[in-house]
Number of protein chains: 2
Amino acid sequence: MKQGSEEQLNSAFAALADPVRRALIARLSRGPATVNELAEPFPITKQAVSKHIQVLEQSGLITRTREGQRRPCHLDPAALEALTSWIDTHRLTVERQFRSLDTVLDTLKEKES
Amino acid sequence: MKQGSEEQLNSAFAALADPVRRALIARLSRGPATVNELAEPFPITKQAVSKHIQVLEQSGLITRTREGQRRPCHLDPAALEALTSWIDTHRLTVERQFRSLDTVLDTLKEKES
DNA sequence: TGGATTATCAACCGATTGGTTGATCAACTG
DNA sequence: CAGTTGATCAACCAATCGGTTGATAATCCA
């Protein structure tokens with residue numbers, strides 16, 4: 001599932017945009033689980049959940065192993081970290097920019113008095 | 001644009017899933033800009049960019065002010081922070097879980113020897 | 001072997017998305 | 001005032017999305 005980092009961000013953010021998939025992530029953060037286990041709490045078909053899981057897998061947010069007929073899902077913290085990293089870069093940039101604007105305003109105020 | 005926090009996450013993550021909108025975010029992190037300024041680098045129509053901006057505004061990631069006929073856009077760092085907060089919660093949970101699994105494995109290994 | 005369990009594939013459907021063109025609105029400027 | 005500029009609205013289109021049902025594959029178990 002190799003992708004450019006741009007496509008990684010596309011698919012990972014898109015994956016998180018769905019509340020069902022976010023609930024799956026939340027569940028998997030507490031430990032691996034199979035499709036049936038993951039599907040159980042939802043009022044939709046197992047096929048629909050299976051599709052959601054494939055979306056998560058393709059985005060790199062989860063990985064899957066084989067255990068006989070089961071395919072347990074595991075959350076990948078590194079993939080999550082890549083997202084916070086992108087967001088934080090820009091958040092910090094804008095916050096820095098705000099702070100330097102504050103400094104300018106403070107300086108002007110000082111000159112007034 | 002009041003929404004439940006669930007819908008906030010839906011729309012904010014969906015907003016970040018598009019590379020054009022992420023580029024707009026990146027641009028706005030370096031300071032406010034108008035629609036025309038934002039649209040200039042893109043090979044799509046100004047109307048399309050205007051739609052992207054409306055998506056970003058609805059998601060709460062940006063806010064807009066009035067300056068005569070211009071509508072400058074401003075990036076909201078708090079909205080970004082809400083996203084990293086959600087992601088980090090689950091990332092930390094799964095990392096904690098990994099560490100405790102490691103501990104169990106180490107304990108087993110010790111018993112072996 | 002044959003039946004249950006786990007999971008996916010395939011085809012389809014309605015809604016949403018990202019883009020277009022053309023018209024319109026609102027505010028500045030001569 | 002008329003013309004230009006900044007931005008949006010409206011209608012449309014192809015592609016994607018989230019869901020369904022039904023069939024199929026693969027593994028386990030008795």
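This is a predicted model: local features need pLDDT of at least 70, side-chain atom pairs count only at pLDDT 80 or more; totals for chains, interfaces and linings use all residues.
Residues are numbered from 1 along each chain as its sequence is written, chains are lettered from A and ligands numbered from 1 in the order in which they are written, and side-chain values use heavy atoms, with hydrogens and water left out.

A pair of aromatic rings is described by the distance of the centres and the angle of the planes. Here, rings of Phe, Tyr and Trp (its six-membered ring) pair if their centres lie within 6.5 Å; planes under 30 degrees apart count as stacked, over 60 as edge-to-face and the rest as tilted. Over all chains, the structure holds three aromatic pairs. In one of these, A:Phe13 and B:Phe13 are stacked, with 6.3 Å from centre to centre and 25° between the planes. This pair crosses between chains, joining helix α1 (residues 5–16) of chain A to helix α1 (residues 5–16) of chain B. Helices (H or I, at least four residues) are DSSP runs, numbered from the N terminus. Both A:Phe13 and B:Phe13 are buried, where buried means under 20% relative accessible area (1.4 Å probe, protein chains only).

B:Phe13 also pairs with B:Trp86: the ring centres are 6.2 Å apart and the planes stand at 75°, so the pair is edge-to-face. Because B:Phe13 lies in helix α1 of chain B and B:Trp86 in helix α5 (residues 77–112) of chain B, this pair ties together parts that are 73 residues apart in sequence. B:Trp86 is buried, as is B:Phe13. One aromatic cluster is formed by A:Phe13, A:Trp86, B:Phe13 and B:Trp86.

Attention now turns to the DNA. DNA strand C is surrounded by 22 residues, the closest being A:Ser50, A:Arg64, A:Gln69, B:Lys51 and B:His52; a residue is near a strand if one of its heavy atoms lies within 4 Å of it. Of the atoms of DNA strand C that come within 4 Å of the protein, sugar and phosphate account for 64%. Two or more residues of the surface near DNA strand C come from each of α3 (35–39) and α4 (46–58) of chain A and α4 (46–58) of chain B. The largest share, five residues, belongs to α4(A). By class, this surface has three nonpolar, eleven polar and eight charged residues; Ala, Val, Leu, Ile, Met, Phe, Trp, Tyr, Cys and Pro count as nonpolar, Asp, Glu, Lys and Arg as charged, and the others, Gly among them, as polar.

A pocket is an open set of points on a 1 Å grid over the protein atoms alone, where a 1.4 Å probe fits, with protein on both sides within 12 Å along at least five of seven lines; lining residues have an atom within 4 Å of a point. The largest pocket holds about 230 Å³ of space, a volume being the space filled by probe spheres set on the points, which are joined across faces, edges and corners. Its lining includes B:Thr34, B:Lys46, B:Ser50 and B:Arg64, and α4(B) gives the largest share, four residues. The second largest pocket, of about 160 Å³, is lined by residues including A:Thr34, A:Lys46 and A:Arg64; its lining divides into one nonpolar, three polar and four charged residues.

Note on methods: Buried means under 20% relative accessible area, exposed over 50%, partly exposed in between (1.4 Å probe, protein chains only).
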